[in-house]
Amino acid sequence: MSAEADGRYMRLALALGARGLGGCWPNPAVGCVLVKDGRIVGRGWTQPGGRPHAEVRALAQAGAAARGATAYVSLEPCAHHGKTPPCAEALVAAGVARVVTALEDPDPRVAGRGHALLRAAGIAVTEGIEAAAAERGHRGFLTRVRQGRPMMTLKLAASLDGRIATASGESQWITGPEARRRVHALRLAHDAVLVGGGTARADDPQLTVRGLGDVAQPVRLIAARRLDLPQGGRLAESVAAGPLWLLHDPGQTKQVASDYWQGLGARLIPVAAEGRQLDPAAMLAALGAAGLTRVFCEGGGALGASLLAAGLVDELVVIAAGLALGAEGRPALGALGIGALAEAPRFRLVESAPAGGDVMMRWEAA
């Protein structure tokens, strides 16, 4: 197979894997393509809940045609026995002739063992195809394994001058329906949606994915140091709509509030406070320990600023609406304590596109 063909089929594997984003944590969203005699005989991606794995799905689709085929897998096949047998063993048993991967899996249970198992069985292995694209595609999983925290995407939807509401607090709607629909799609591609306690108290949001059919809802996260959230509102009424996790400081939380939310079915996650806010690094470490790989933060301003100041924002999604609200409007971000430009967090523009009458930009940490 030519290098050009290897790259083409691996890009397809990565695109297939992206279909699993947001629904397979703590597992990676892997894609697999089986090719024989220049024809695709099997395709698969990690299924909701993390199983079946991509390789198993592709092998099942290919059946006997897998023998002698080349398998393109966006991450090294697993080599450990968990709830299912190792995918590397499944590829060996199916009789594939060659395996092409994008990245070695840094999970200590794998970390090269999958590649070694394949080679020991006489299968040709090619590594590193479309590695840079795979690093981006698997960023959430890789960040959790390497740093012990989920990837963090911060969304800011604001006027052209960076305001999210008028001085009186009016904010619905600064952005248009197309931009809001895209935000729901971004929620769906993440494991969890996060807002701060101030936003939860002011807006009483549901934080669910709507308008995209019958989908599995992401985990809804509220960072509320004192757990002083509206009781009996939309958030409380929608606990059954999807998982609700509340991050709080137990030392500053009244027992009656803990009992109320736990009684509704919410999961309480203790996090140490840092001044008047939860420690952002400790918060993300707790979420990583809980298995989350991708978190989508939708504010408010104080929470977003704390994540930026701590260097914990991996991607920044900015939706700019075509209006200006002036200095009296409410800013998208709280104070960052920046005294010089050199101290400001820098991001690199990756994508910019119209979203109805608005513009959506995606930036990566520089």
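What is the volume of the second largest pocket? And please tell me what lines it and how its surroundings fit into the rest of the chain.

Modeller: Happy to! This is a predicted model, in which local features need pLDDT of at least 70 and side-chain atom pairs count only at pLDDT 80 or more, while totals for chains, interfaces and linings use all residues. Residues are numbered from 1 along each chain as its sequence is written, and side-chain values use heavy atoms, without hydrogens or water.

The second largest pocket has a volume of about 620 Å³ (the space filled by probe spheres set on its grid points). A pocket here is an open set of points on a 1 Å grid where a 1.4 Å probe fits, with protein on both sides within 12 Å along at least five of seven lines, and lining residues have an atom within 4 Å of a point.

Its lining has 27 residues, and the closest to the pocket centre are Leu21, Leu186, Arg294, Glu315 and Arg362. Several elements of the fold meet here: helix 1, helix 5 (131-137), strand 6, helix 7, strand 15 (315-321), strand 17 (347-355) and strand 18 (358-365) each supply at least two lining residues. Helices (H or I, at least four residues) and strands (E, at least two) are DSSP runs numbered from the N terminus. Among the central residues, Glu315 falls within strand 15 and Arg362 within strand 18. Strand 18 also gives the most to this lining, with four residues. By class, you will find 13 nonpolar, six polar and eight charged residues; Ala, Val, Leu, Ile, Met, Phe, Trp, Tyr, Cys and Pro count as nonpolar, Asp, Glu, Lys and Arg as charged, and the others, Gly among them, as polar.

Now for the surroundings. Strand 6 and helix 7 supply at least two residues each to the lining of the largest pocket as well. That pocket has a volume of about 1,200 Å³. It is lined by 39 residues, with Lys155, Ser171, Thr199, Asp203 and Glu298 nearest its centre. Helix 7 (177-188) gives the most to this lining, with seven residues. Strand 7 (163-165), helix 8 (197-203), helix 12 (301-309) and strand 16 (330-331) are also among the elements that supply at least two residues each. The class counts for the largest pocket are 18 nonpolar, twelve polar and nine charged.

Most residues other than glycine have a negative phi, and most peptide bonds are trans. Asp204, in the loop between helix 8 and strand 9 (219-223), has a positive phi of about 45 degrees although it is not a glycine. Asp204 is buried at 14% relative accessible area (buried means under 20%, exposed over 50%, partly exposed in between, with a 1.4 Å probe and protein chains only). Further along, a cis peptide bond joins Gly299 and Gly300, with omega about 5 degrees; Gly300 is in the loop between strand 14 (294-297) and helix 12.

Elsewhere in the chain, two more spots deserve a glance. Leu227, in the loop between strand 9 and helix 9 (234-237), has a positive phi of about 60 degrees without being a glycine, and Leu227 counts as buried at 1% relative accessibility. Another cis peptide bond joins Arg51 and Pro52, with omega about 0 degrees, and Pro52 lies in the loop between strand 2 (39-45) and helix 2.
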